[in-house]
Amino acid sequence: MTRFLIRRIAQAILVLWVSSVAVFLLFFVGPGPSQVARTFAGRLATPQRIAQIKHDLHLDQPLYLQYWHWIWSALHGDLGFSYYHGQSVDTVLAQAAPVTISLVLGAAVIWISYGVITGIISAVWSRSLMDRSLTAAALFFYSMPTFVLGLALIWILAYKLSPVTTFFPFHGYVAITKNPGQWFEYLILPWLTLALVTSATYTRLTRGSMLDTMGEDYIRTARSKGMPERRVIVQHGLRASLTPVVTQAGLDIGTALGGAIITEQLFGLPGLGWTSVQAITNQDLPVIMGIVMLAATFVVVANLIVDVLYAVLDPRVRY
Amino acid sequence: MSMVPEVGTTDTVAVAATTVTEVPVGRKIEGRSPWRLAYERLRADRAAKIAFGTIILIVLLAVFAPLFASAVGHGPNQQFIDIGENANGGPVPPSGTFWFGTDSNGRDLFIRVLYGAQISLVVGVLATGISVALGVLFGLTAGYLGGIVDSIIARMIDVMLSIPFLLLAISIAYISHPSEWLVILIVGVLSFTYLARIVRGQVISLKAKEYVEAARALGAGPWRIMFIDLLPNVMAQVIVYASLLIPLAIVSEASLSFLSVGVPPPTADWGAMIADSSSYFQYGYWWYLFFPALALLITTLAFNIFGDSVRDAFDPRGGGLFV
């Protein structure tokens, strides 16, 4: 296990390093330093001004030197200075991250509980009308692009039903530390949007895994011992069925923490996804690098946790 | 193995199984290949038929969009400033002239939704083609050659998966010149990873089989073994996954357009139309959002239902991506 962990951590670091090189090259070879400086300088800037900016942002140095500066400070916890915010990238990220974390964790609670509960219902009463409707609903939401669902929710809940439902603000964000009630109100629609499109996978995953488990010999043994069906389902069936759900949840949460770009854009949530789109439009390179590295870290760490959890949950897994 | 075989199968497959096994009296009993079995199961699947019919209809509407345009007399990018806009310059509601109403530029939304189907289908199919080609190539090489090649491909996939798909896609789209081909390339290249992993897994278990050993004993080189001996045996998996990849590619394309880094205007595109409508639909211009969104939803739903049925047909036991 220790050897496995060391190998996985080494791989994770390698992946993060390659990602940083890839994104760095993508932006420096792509628009090129002159273009970045020109965007920063504005449309009416003189060539001298552009050259000055290029020098100030260290964009005139050789590429390897720029990368070296970046990674050296990054390893010391300093991700550089945003071209536009007048703040360090660390500050920008520290402001955006809580928004995304609120969004993703809240939505994850909804999508996991909804997905697992509907999955169990579908599996226990498999082929019933209930199962069919839940499976159809899952397919429906799975096929629904996030922005279509989000706009539909805004349209129906915030506009069409506006005299009835005055409590669905749909643009902006209030920090939980400022006003927990408003934090909740502003996040209901984003949570619902993100949760509904994601939950479909969980309904079907739980249903499938539950059906497989309920066909196992030990379930038959439990039943023939005279154990009440309720206990058979919850204690024996559900527990074993949840391993793939845990895996999927880990990976999904890890990916979403890197920025739920569409949901954040749609509801004006200034999280990591929203900030990254702004940074890409402004060619704010340090911020892009910071967000990509943070997102990649979330994914890599989530993968690591899932691998370890897998070994803990399922004693048959050996490394 | 489960003791209760019925549990893992879905209704449609159960129905399919009974119809397939009913051989009429007097008919010759013959062996059927897995492909034929899958095809017969698919034909007996009612949901698959409806979904396939819908897909055909969408394809026809897309192909004949210019015919509709000339029949109605409205071009996809033609602005009707006089009759296509209301007194405030806003869109006009659905009517006999404009079946789906008009957009904020006074263009016929019905014709634009039809033209939008072209982009969605072309991007969906071509991007999936790229993903499949790359996925098969990398999966086969990683699985068959193993060792250092496998490690390099595995880490490369890890890197691609560690950067959020949309973040990478927007970055590439933003620094390049936007075009339809760029969108196809981005969506196609960025989504081969999952297929590559599936193919790799399959190949690792297949390469220990006797027929591969026999091929090697006969002097077949690695490329011949990979593409002549192994590829046909992973094809079923590839087709299943490809059919589920098309709707994903369509959604990715629409998402890029929604974030205004997709196919550049004035090309009619569902994602872009929905993005345009998002500052209008609240003020009563519901049709502007409704029709493009409905078209997109019907398309992805049809492809997903069909892809699901294809998967059931090849693997009636269930499991895999979906049940």
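A: In chain A, residues 24 or more positions apart account for 70% of the contacts with a separation of 6 or more. The coordinates come from a predicted model, and every value below is computed from that model. Chain A is built from 13 helices with 0 strands, so the pattern along its sequence is one α after another, α-α-α-α-α-α-α-α-α-α-α-α-α. Its C-alpha trace spans about 85 × 60 × 35 Å along the principal axes, and of its 319 residues 40% are buried.

The close view begins with helix H8 of chain A, residues 180–214, and with helix H7, residues 146–160, which packs against H8(A) at an angle of about 140 degrees with the two axes 9 Å apart. Angles over 145 degrees count as roughly antiparallel and those from 65 to 115 as roughly perpendicular, and H7(A) and H8(A) are therefore oblique to each other. The crossing in which H7(A) passes H8(A) is right-handed. On the H7(A) side the residues that meet H8(A) are Thr146(A), Leu149(A), Gly150(A), Leu153(A), Ile154(A) and Leu157(A), while H8(A) answers with Leu189(A), Leu192(A), Thr193(A), Leu196(A) and Val197(A). Sorted by class, this contact holds 8 nonpolar and 3 polar residues, with no charged ones.

H8(A) also packs with H5(A), here at an angle of about 35 degrees and with axes 5 Å apart. H5(A) passes H8(A) in a right-handed crossing, and the contact of these two helices comprises 19 nonpolar, 10 polar and 1 charged residues.

H5(A) covers residues 89–124, and in the loop that leads from this helix to helix H6 (129–143) of chain A sits Arg127(A). Arg127(A) is not a glycine, yet its phi is positive, at about 70 degrees. A residue is buried with 20 or more C-beta neighbours within 10 Å and exposed with 12 or fewer, and because Arg127(A) has 15 such neighbours inside 10 Å, Arg127(A) counts as partly exposed.

The largest nonpolar core has 157 residues, and the members that touch the most other members are Ile288(A), Val292(A), Ala295(A), Ile170(B) and Ile274(B), drawn from both chains. Val292(A) shows this in detail: leaving aside residues up to four places away in sequence, Val292(A) touches Ser19(A) and Val23(A) in its own chain, and Ile163(B) and Leu167(B) in chain B. Apart from that core lies another one, of 5 residues, which includes Ala123(A), Leu211(A), Met214(A) and Ile219(A). Of these, Leu211(A) and Met214(A) fall within the 180–214 range of H8(A), and Ala123(A) falls within the 89–124 range of H5(A).

Between the two chains, 41 residues of chain B are in contact with 48 residues of chain A. At least two residues each of the side of chain B that touches chain A are supplied by helix H6 (147–162), helix H7 (165–175), helix H11 (222–258) and helix H13 (286–314) of chain B. H13(B) gives the most, with 8 residues, and the residues of this side of chain B divide into 27 nonpolar, 11 polar and 3 charged.

With 18 C-beta neighbours inside 10 Å, Ser260(B) counts as partly exposed.

Terms used. Residues numbered from 1 in each chain as written. Chains lettered and ligands numbered in written order. Predicted model: local features only at pLDDT ≥ 70, side-chain atom pairs only at ≥ 80, totals over all residues. Helix = DSSP H or I, 4+ residues; strand = E, 2+ residues; numbered from the N terminus. Contact = placed C-beta atoms within 7 Å. Nonpolar A, V, L, I, M, F, W, Y, C, P; charged D, E, K, R; others polar. Axes fitted to C-alpha atoms, helices over the stretch in contact; angles between N-to-C directions. Parallel < 35°, antiparallel > 145°, perpendicular 65-115°, else oblique. Left-handed = near helix turned anticlockwise from the far one by under 90°. Core = buried A, V, L, I, M, F, W, Y, C linked by C-beta atoms within 7 Å.
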